[in-house]
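Let's take a look inside this protein and see which side chains meet there. Have the sequence and the 3D view ready.

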Amino acid sequence: STLSSVGIVDVSAPAAPSVLGGLSLPPPWVANSVAVRGDTGWVLAKGAVVVGAELEGEGRWGLFTIDGSTPSAPLIVNTLTLPGAQSTNILEAVGRIAVLDDLLLVAAGEGGLAIFSLQGTRPVLLDTRTSFLVDGVTLTRPVLSVSTQGRYAFVSLFGQAVALDLGVDGFPVVTSLTTRWL
């Protein structure tokens, strides 16, 4: 099986980073992307397919909440398997997460853009966007990546990039760009 781990690294002296602690993700999970706010981290992981075994999460995307308040001994405090999010070969680049204020955004491929609230102790799924209204046309495409700046989320779809206004109810698309690959 594939083993995957997550480390906490002190980079206050960039020329001499220091590993403070770490933990292993349980099989079949393989870490893909990390977002951090304060002492809490969220790890997006792909469920690897393990030959000869049937493990919970194979071929899916999972979200782990990590408590890093004790850097030498981080703990997994919550695990979610994302609904409808499949890990497929065409979408190997998928799997980016971003934090903006009390929102966690997850690019979940064919599962869309998963939007979580971080107001409590565990992420709560608010919405899953699998289609986007762009210039009067509804686009339904895999969500490949997500990043944030200010109150906007920049979402890469297969063949299209969109900007969502997270400060407005419903998170409308405010601009878009047709691309060959993003």
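## The largest nonpolar core

In this predicted model, the largest nonpolar core has 19 residues, and the ones that touch the most other members are L113, F132, V146 and V155.

Now zoom in on F132. Leaving out residues up to four places away in sequence, F132 touches L113, V137, T138, L139, V143, V155, L157, V162, L164 and V173. There's also a second, separate core, this one with 13 residues, and A35, W42, I97 and L118 are among them.

## A pair of rings

How many aromatic pairs are there? The count comes to one. The partners are W29 and F64, arranged edge-to-face, with 5.6 Å from centre to centre and 80 degrees between the planes.

Where do the two rings come from? W29 sits in strand β3 (residues 29-37) and F64 in strand β5 (residues 60-67), so the pair ties together parts that are 35 residues apart in sequence. Are these two buried or exposed? Both W29 and F64 are buried.

Q160 is part of strand β15. Its relative accessible area is 6%, and because buried means under 20%, Q160 counts as buried.

What does the side chain of Q160 meet there? Another polar contact, at 3.4 Å, runs from the side chain of Q160 to the side chain of T178.

Technical notes. Residues numbered from 1 in each chain as written. Predicted model: local features only at pLDDT ≥ 70, side-chain atom pairs only at ≥ 80, totals over all residues. Heavy atoms only, no water. Core = buried A, V, L, I, M, F, W, Y, C linked by side-chain atoms within 4.5 Å. Buried < 20%, exposed > 50% of the residue type's maximum accessible area, 1.4 Å probe, protein only. Contact = heavy atoms within 4.5 Å. Phe/Tyr/Trp six-rings, centres within 6.5 Å; stacked < 30°, edge-to-face > 60°. Helix = DSSP H or I, 4+ residues; strand = E, 2+ residues; numbered from the N terminus. Polar contact = N/O pair within 3.5 Å; in protein donor to acceptor, adjacent residues only side chain to side chain.
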